[in-house]
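Q: Please take a close look at a single part of the model shown below. A connected account would be welcome, one that begins with a residue and its neighbours and then sets them in the context of the chain.

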Amino acid sequence: MAPLTRTVRIGSSHGLHARPAKLFAQAAKDSGIPVTIAKDAGAPVNAASILGVIALGIEQGDYVTLTADGDSAETVLDTLAELLTTDHDAA
């Protein structure tokens with residue numbers, strides 16, 4: 001089975017800073033399958049690495065591409081995409 005990809009727009013008003021990056025990286029890790037995230041056309045990083053995710057410097061409105069490989073890839077991408085499009089900085 002070929003890896004699945006999904007492109008999403010970041011919803012958090014302050015981008016993927018520590019708290020939303022931690023939520024995202026933990027969800028990627030918990031998925032149990034390999035997941036990467038890339039900003040624009042940049043090199044992908046391991047989505048389960050909070051440092052890798054923060055190092056991408058992702059801001060609100062940026063587009064990222066998620067790639068997942070495994071039996072549950074579609075479900076995992078749905079979950080991760082929802083995390084990324086949600087504004088975790090809203091009061």
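**His 88 and its surroundings**

A: Leaving aside residues up to four places away in sequence, His 88 touches Ser 12, Arg 19, Pro 20, Leu 23 and Leu 83, a contact being heavy atoms within 4.5 Å. The model is a predicted one, in which local features need pLDDT of at least 70, side-chain atom pairs count only at pLDDT 80 or more, and totals for chains, interfaces and linings use all residues. Residues are numbered from 1 along each chain as its sequence is written, and side-chain values use heavy atoms, with hydrogens and water left out.

His 88 belongs to the segment that follows helix H3 (73-85); helices (H or I, at least four residues) and strands (E, at least two) are DSSP runs numbered from the N terminus. With a relative accessible area of 16%, His 88 is buried; buried means under 20%, exposed over 50%, and partly exposed in between, with a 1.4 Å probe and protein chains only.

Leu 83, one of the contacts of His 88, is also touched by Phe 24. Phe 24 is listed with Leu 16, Val 35, Ile 37 and Leu 84 as having the most contacts inside the largest nonpolar core, which has 22 residues. Such a core is a set of buried Ala, Val, Leu, Ile, Met, Phe, Trp, Tyr and Cys residues joined through side-chain atoms within 4.5 Å. At least two residues of this core come from each of helix H1 (18-30), strand E2 (35-39), strand E4 (63-68) and H3, and H3 gives the most, with 6 residues. In soluble globular proteins, nonpolar side chains tend to be buried together.

For the chain as a whole, 3 helices and 4 strands are found, in the order β-α-β-β-α-β-α along the sequence. The radius of gyration, taken over C-alpha atoms, is 12 Å, close to the 12 Å that the globule rule gives for 91 residues, so the chain is as compact as a globular protein of that length; that rule is 2.2 Å times the number of residues to the power 0.38. Buried residues account for 36% of the 91 residues. Of the contacts between residues at least 6 apart in sequence, 72% join residues at least 24 apart. The C-alpha trace spans about 40 × 25 × 20 Å along its principal axes.
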